[in-house]
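Subject: Structure handover

Hello,

The structure is below, and my notes follow it. Please go through them when you have time.

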Amino acid sequence: MSDTPATRHTPRVFSGVQPTGNLTLGNYLGAVRNFVALQEDDTFERLYCVVDMHAITQPFKPAELKTAIYEVAAAFIAAGLDPEKSILFNQSRVTAHAELGWIFNCVARMGWLNRMTQFKEKAGKNKENASVGLYAYPNLMAADILAYRATHVPVGEDQKQHLELTRDIAQKFNSDFNAPDFFPLCEPLIPAESARIMSLRDGTAKMSKSDPSDNSRINLSDTADVIAQKIRKAKTDPEPLPGEAAGLADRPEARNLVGIFAALLGSTPDDVLKDFGGKGFGDFKPALAELTVEKIAPIGNEMRRLTAEPDHIDAILMAGAERAARIARPIMADVYETLGLTGGGSAGW
Ligand code: AMP
Ligand code: TRP
């Protein structure tokens with residue numbers, strides 16, 4: 001436990017991606033690309049985690065889980081994460097996540113979790129049949145972050161509510177156990193232009209790994225031909241593009257495609273519309289397809305090369321887990337001590 005002021009926490013980035021299927025363009029633009037950008041900033045220590053314990057909160061096939069874990073790790077590396085500069089690992093290898101997750105089950109309140117919109121979306125109509133793990137998922141996510149006392153969390157916009165809960169848990173722990181500043185109140189890092197990439201078939205639904213239609217998303221593993229075809233088939237409206245982003249307000253599909261173009265280019269929708277305002281989708285779609293293929297297809301090619309060597313990926317994840325565990329261990333010892341559990345480390349370490 002420490003009495004020192006709020007600045008004591010080491011600047012540390014943590015983020016996670018679930019191994020629940022192919023990563024999409026939404027995962028890339030909303031999260032993974034930002035993970036890579038943060039690698040250029042030496043003020044931060046960085047941990048990027050394949051959150052496999054989260055993946056078992058919903059129905060899954062054990063025989064496919066390991067491959068899915070390696071695929072996300074391959075996507076991380078193919079997108080530009082360097083296992084020397086960032087700690088890459090999978091969650092189940094560091095027991096601190098599950099341990100702190102349990103402790104947070106005892107800190108978070110039922111009322112807080114009842115407000116989580118992602119649970120409602122994922123559980124759907126049959127809430128009674130959802131796993132308890134799916135309900136407690138945000139507590140495990142808070143544990144992922146706080147087991148390292150991470151201060152910054154790069155995510156897409158859909159995770160904002162979970163990060164607010166993480167801050168509430170940290171604050172309640174700090175105050176209930178009279179341990180001011182024990183856990184930092186982490187800051188979300190949400191990209192401005194690509195916080196929420198929408199489905200190619202419905203501009204009002206999030207682009208998601210779990211959408212039953214493969215045409216609704218670009219997978220990072222899609223080949224150049226498949227990417228171009230999906231963009232050709234993307235839903236649009238009959239109007240030409242407006243001259244300014246304000247004109248996209250009631251046109252969700254057009255807004256999404258222009259947003260993707262801007263995000264891939266690192267510019268803004270207004271800038272994109274300077275070139276394409278007044279033009280129809282017959283002009284815009286081929287340009288978008290070309291840009292997407294240029295930026296995304298090389299990642300897919302590299303992923304295929306990496307996943308052909310699963311032992312190599314496993315070795316990277318194992319080495320990352322050892323580094324991660326070294327950071328988490330003293331923090332967990334501090335947690336046990338603070339709670340009056342026997343503290344000071346467990347027999348399993
Ligand atoms: P998940 O696939 O749910 O594990 O998400 C991993 C990361 O990708 C999280 O930071 C999400 O917020 C982000 N993400 C997922 N889908 C999208 C999307 N359609 N647009 C922007 N970010 C997304
Ligand atoms: N809940 C996140 C998602 O579905 C994944 C995740 C789990 C995560 N633990 C995390 C993201 C910790 C950031 C930090 O996208």
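Which polar backbone atom is 3.0 Å from a nitrogen atom of ligand 1? That atom belongs to Met-207; a polar contact here is a pair of N or O atoms within 3.5 Å. The protein covers 92% of the 480 Å² of accessible area that ligand 1 has on its own (Shrake-Rupley method, 1.4 Å probe).

This is a predicted model, in which local features need pLDDT of at least 70 and side-chain atom pairs count only at pLDDT 80 or more, while totals for chains, interfaces and linings use all residues. Residues are numbered from 1 along each chain as its sequence is written, chains are lettered from A and ligands numbered from 1 in the order in which they are written, and side-chain values use heavy atoms, with hydrogens and water left out.

An N or O atom in the side chain of Asp-158 lies 2.4 Å from an oxygen atom of the ligand, and a backbone N or O atom of Gln-18 lies 3.0 Å from an oxygen atom of the ligand.

The shell around ligand 1 has 17 residues (a heavy atom within 4 Å); Gly-156, Ile-197 and Lys-209 are among the closest. Six of the shell residues are nonpolar, seven polar (Gly counts here) and four charged. Helix 1 (residues 25-38; a DSSP run of H or I, at least four residues) gives the largest share, four residues.

For the overall fold, the protein has 13 helices and five strands (E, at least two residues). Its C-alpha trace spans about 70 × 45 × 45 Å along the principal axes.

Regards

Methods: Polar contact = N/O pair within 3.5 Å; in protein donor to acceptor, adjacent residues only side chain to side chain.
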